Amino acid sequence: SSLCKGIATNSNSSLEVLSLKHCNIDSMGGEPIAAMLTFKRLALKTLDLSGNSLGGLGLNRLCKGLEQNWSLTTFRLAGNNIRQSDEDIAALEAFGKVLLTHSKLTEIDFNHNHIGSKGGQLLLPGVRENKQITTFKVSELGMDAETYKTLFRVSNASKGTKGKKKSKKKKK
C-alpha cells in the first residue's frame with residue numbers, strides 16, 4: 001500500500017516498469033494497486049504481478065484502476081489463483097470489459113490461472129474486438145480447444161526476427 005502511494009506522486013511519474021512478482025500480494029493488494037493505476041501522471045507501461053494470490057477479488061479491485069489507466073501496455077497476472085469460483089467469474093467479466101475499452105494494452109499474460117472455458121468465454125469479446133492486443137497468454141487447462149485457440153496469441157515481435165538479410169543492389 002505504501003509503495004503504491006509513493007509511486008502515485010509527481011516525483012515518481014517517470015517509472016515505466018514495475019515488477020511485484022512473487023511478493024505474496026493477496027486480494028487486499030488489488031485496491032492500492034488500482035489506486036496507483038488511476039494516478040493521471042503515471043507513466044507505467046509494464047506491471048508484472050505474476051506469482052501472487054490476488055484471486056478474483058483482487059482482480060476485480062484491479063479492474064477499477066485499469067478502467068481509468070491509459071499508460072499500461074503490458075499486464076502480467078500469471079499464476080494468481082484465478083479460477084472458476086463465482087467471485088473469479090465476476091472478476092473475469094469485469095476484466096473482459098476492461099479489455100474492450102483499454103486502448104493501450106498490447107500484451108497480457110494470464111497463464112497459470114485455471115479459468116476454464118467459462119472464464120475464457122468472458123474474455124473472448126475483449127480479446128477479439130481490441131485490435132491493440134497482440135499477445136494474450138492463457139492456460140489451456142480446462143478450456144475447450146476452440147476458446148483456447150481464439151484467446152491465445154503471441155506476437156511475432158516477441159519471438160524475434162529470423163530470416164534472410166536484405167541485400168543492397170549495387171548502382172551501375
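Guide: From the N terminus on, the elements of the protein follow the pattern α-β-α-β-α-β-α-β-α-β-α-α. That amounts to seven helices and five strands. Please bear in mind that this is a predicted model.

Visitor: What makes β1 and β5 the edge strands?

Guide: The five strands form an open sheet in the order β1-β2-β3-β4-β5, with parallel pairing. Strands β1 (17-19) and β5 (135-138) each pair on one side only, and they are the edge strands. From one strand to the next, the twist averages 0°.

Visitor: How do you know that β4 and β5 are paired?

Guide: A pair requires at least two bridges between the strands. Four bridges join β4 (residues 107-110) to β5, and the two run parallel. Within this pairing, Ile-108 stands opposite Phe-136 in β5.

Visitor: Why are α2 and α3 called roughly parallel?

Guide: The axes of α2 (residues 30-37) and α3 (residues 55-66) cross at roughly 10° and come within 7 Å. Angles under 35 degrees count as roughly parallel, and α2 and α3 are therefore given that description.

Visitor: Which residues make the contact of these helices?

Guide: On the side of α2 they are Gly-30, Glu-31, Ile-33, Ala-34 and Leu-37, and on the side of α3 they are Gly-58, Arg-61, Leu-62, Gly-65 and Leu-66. These residues divide into five nonpolar, three polar and two charged.

Visitor: Why is α2 said to be largely enclosed?

Guide: A residue is buried when its relative accessible area is under 20%. Six of the eight residues of α2 are buried, so the helix is largely enclosed by the rest of the structure. The buried residues are Gly-30, Pro-32, Ile-33, Ala-34, Met-36 and Leu-37. They pack against α1 (2-7), β1, β2 (46-48) and α3. In the protein as a whole, buried residues make up 45% of the 172 residues.

Visitor: How do you know that the length of α4 agrees with its number of residues?

Guide: At 1.5 Å a residue, the 16 residues of α4 (residues 86-101) should span 22 Å, and the end C-alpha atoms are 23 Å apart, which agrees.

Visitor: Which residues of α4 are buried, and what covers them?

Guide: Asp-88, Ile-89, Ala-91, Leu-92, Ala-94, Phe-95, Gly-96, Val-98 and Leu-99 are buried. Their cover includes α3, β3 (74-76), β4, α5 (116-129) and β5.

Visitor: What makes Asn-24 exposed, and what is stated about its phi?

Guide: Exposed means over 50% relative accessible area. Asn-24, at 74%, therefore counts as exposed. Asn-24 is found in the loop between β1 and α2. Its phi is positive, about 60°, although the residue is not a glycine.

Definitions and conventions:
Residues numbered from 1 in each chain as written. Predicted model: local features only at pLDDT ≥ 70, side-chain atom pairs only at ≥ 80, totals over all residues. Heavy atoms only, no water. Axes fitted to C-alpha atoms, helices over the stretch in contact; angles between N-to-C directions. Parallel < 35°, antiparallel > 145°, perpendicular 65-115°, else oblique. Contact = heavy atoms within 4.5 Å. Nonpolar A, V, L, I, M, F, W, Y, C, P; charged D, E, K, R; others polar. Expected span 1.5 Å × (residues − 1). Buried < 20%, exposed > 50% of the residue type's maximum accessible area, 1.4 Å probe, protein only.
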